[in-house]
Amino acid sequence: MRLIVVILAAMAMLHAEAPPRIVYTKSFAGSTPAFVSITVERDGRVVYKEADDDPHPIKLQLAPADADAIFAVVEKLDRFKRPLESGLKVANMGQKTLRFEQGTQVHETRFNYTQDPDGVLLADWFERVIETEQLFINLERTVRFDKLGVNQALLRLEAWWDRKRLVAEKQFLPLLDRVRKNESYLHMARQRAAALADAFRGEAPKATQ
């Protein structure tokens, strides 16, 4: 009997010390994408999926300061123990779910529209992740299959960078380096890719033609 008690106590301690994670999902029929799931681990690892069984999830890494900031907002929102839905009659903006997990502790809230300042901040951050991954998917596709379209894809990426809407921009570096080093791409695309890569690395101001 004492052994069982010790085992249960050890398991409870293990769950209590488990690192937290956040899971965000959004379902919005007719939009692109119609469904997303974004999991954020406390160490900054992020997994982005466009289906529960997405065969090609995108994995990215947040800087420690960014992960700290996101989890600080989650704490301000009481780990989603309280509602975020405004209750106002507004247009359908997609069913969103925020879920906090830490061991056996699970809290979840769903909303279409919120007026909570911290809820708005967190929801917008996840929208930035969605926008960023759509740019990543588009750039990856054009780099592989549409070399003439690469410069246009880079122009879009540059615009989002200028608007400070990108999340974990270093995930783009392998694609940008591939373009900058390959003479089969347009010269202007190679220049733009090089400038963006330098900017994302923090090595030099961005200067494109």
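**Entry 1: the sheet**

I began with the strands and found an open sheet of six, in the order β4-β3-β2-β1-β5-β6, with antiparallel pairing. Its edge strands are β4 (58-61) and β6 (105-111), each of which pairs on one side only. I noted that neighbouring strands are turned by 15 degrees against each other on average, direction ignored.

Before going on, I wrote down the ground rules. This is a predicted model, in which local features need pLDDT of at least 70 and side-chain atom pairs count only at pLDDT 80 or more, while totals for chains, interfaces and linings use all residues. Residues are numbered from 1 along each chain as its sequence is written, and side-chain values use heavy atoms, with hydrogens and water left out.

For my terms, two strands pair if DSSP finds at least two bridges between them. Helices (H or I, at least four residues) and strands (E, at least two) are DSSP runs, numbered from the N terminus.

**Entry 2: strand β5 and its neighbours**

I looked at β5 (residues 95-102) next, and it runs antiparallel to β6, with seven bridges joining the two. In β6, R99 has E108 as its bridge partner, and K96 has F111. The hairpin of β5 and β6 has two residues between the strands, and there G103 takes a positive phi near 60 degrees.

β1 and β5 also pair in the antiparallel sense, over seven bridges. Here Y24 stands opposite L98 in β5.

How many of the eight residues of β5 are buried? I found six, so the strand is largely enclosed by the rest of the structure. Buried means under 20% relative accessible area, exposed over 50%, and partly exposed in between (1.4 Å probe, protein chains only).

**Entry 3: salt bridges**

The structure holds 17 of them.

One of these joins R21 and E41, whose closest N and O atoms are 2.8 Å apart. R21 lies in strand β1 and E41 in strand β2, so the pair ties together parts that are 20 residues apart in sequence. R21 counts as partly exposed at 32% relative accessibility, whereas E41 is buried at 14%.

I then checked K76 and D118, whose side chains meet in a salt bridge (3.4 Å, N to O). K76 is in helix α2 and D118 in helix α3 (residues 117-145), so this pair ties together parts 42 residues apart in sequence. K76 is exposed, at 53%; D118 is buried, at 17%.

R99 counts as partly exposed at 28% and E101 as buried at 19%. Salt bridges that share partners join R21, E41, R99, E101, E108 and R110 into one network.

**Entry 4: helix α6**

I finished with α6 (residues 187-201), which has 15 residues. It reaches 21 Å from its first C-alpha to its last, close to the 21 Å expected at 1.5 Å a residue; the expected span is 1.5 Å times one less than the number of residues.

Which residues of α6 are buried? Among them I listed A189, R192, L196, D198 and F200. Their cover includes α4 (150-162) and α5 (173-181), where contact means heavy atoms within 4.5 Å. Just after α6, G202 takes a positive phi of about 75 degrees.

Technical notes. Axes fitted to C-alpha atoms, helices over the stretch in contact; angles between N-to-C directions. Salt bridge = Lys/Arg side-chain N within 4 Å of Asp/Glu carboxyl O.
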